[in-house]
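Please find below a short note on the model under review. It is arranged as numbered points, to be read alongside the sequence and coordinates.

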Amino acid sequence: MKVRYFTDTDTLLMQFRDVPVAETRDLDENTVLDLDGNGNICAITIEHASARAGAPDFSYEQVTA
């Protein structure tokens, strides 16, 4: 998984898997969902990310059972 924040456009890209995108869906005017051929999520793009998603603040925690 890769998370990229583009400061010049205030865009957050969360890429879950590096596979070919078969379909792109607009969830709203500032959020795009990319799907593979099986309907699995490949990536999510969020515009105006600082206001809408709290970017560029980011934390990651891996929890093991």
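The points below go from the overall fold to the core, the salt bridges and the surface.

1. Overall fold. The model is predicted. The protein chain contains 1 helix and 5 strands, and their order along the sequence is β-β-β-β-β-α. The C-alpha trace spans about 40 × 30 × 15 Å along its principal axes.

2. The protein chain has 65 residues, of which 29% count as buried. Its accessible surface is about 4900 Å², with 49% belonging to carbon and sulfur atoms. Among contacts with a separation of 6 or more, 36% join residues 24 or more positions apart.

3. Nonpolar core. The largest nonpolar core has 8 residues: Leu12, Met14, Leu33, Leu35, Ile44, Ile46, Ala49 and Ala55. At least two residues of this core come from each of E2, strand E4 (31–35) and strand E5 (41–47).

4. A buried threonine. Thr45 is located in strand E5. Its relative accessible area is 17%, and Thr45 is therefore buried, the cut-off being under 20%. Leaving out residues up to four places away in sequence, Thr45 touches Thr11, Leu12, Leu13, Asn30, Thr31 and Val32.

5. The whole structure holds 3 salt bridges. In one of them, Asp36 pairs with Arg17, and the closest N and O atoms are 2.5 Å apart. Because Asp36 lies in the loop between E4 and E5 and Arg17 in the loop between E2 and E3, the pair ties together parts 19 residues apart in sequence. Asp36 is buried, at 10% relative accessible area, whereas Arg17 is partly exposed at 32%.

6. Salt bridge between helix and strand. Arg52 and Asp28 meet through their side chains at 3.0 Å, N to O. This pair links distant parts of the chain, with Arg52 in helix H1 (residues 49–52) and Asp28 in strand E3, 24 residues apart. Arg52 is partly exposed at 39% relative accessibility, and Asp28 is partly exposed at 35%.

7. The Glu23 pair. A salt bridge also joins the side chains of Glu23 and Arg25, at 3.0 Å from N to O. Glu23 is partly exposed, with 36% relative accessibility, and Arg25 is partly exposed, with 41%.

8. Nonpolar surface patch. Met1, Val3, Phe16, Ile41, Phe58 and Tyr60 form a nonpolar patch on the surface, and together they have about 650 Å² of accessible area. Phe16 sits in the loop between strand E2 (11–15) and strand E3 (23–28).

Conventions: Residues are numbered from 1 along each chain as its sequence is written. This is a predicted model: local features need pLDDT of at least 70, side-chain atom pairs count only at pLDDT 80 or more; totals for chains, interfaces and linings use all residues. Side-chain values use heavy atoms; hydrogens and water are left out. Patches are made of residues with over 30% relative accessible area and no salt bridge: like charges are joined within 9 Å, nonpolar side chains (Val, Leu, Ile, Met, Phe, Trp, Tyr) within 5 Å. Accessible areas come from the Shrake-Rupley method with a 1.4 Å probe; for residues, only the protein chains shown count as cover. A salt bridge is a side-chain nitrogen of Lys or Arg within 4 Å of a carboxyl oxygen of Asp or Glu. Helices (H or I, at least four residues) and strands (E, at least two) are DSSP runs, numbered from the N terminus. A nonpolar core is a set of buried Ala, Val, Leu, Ile, Met, Phe, Trp, Tyr and Cys residues joined through side-chain atoms within 4.5 Å. Buried means under 20% relative accessible area, exposed over 50%, partly exposed in between (1.4 Å probe, protein chains only). Contact means heavy atoms within 4.5 Å.
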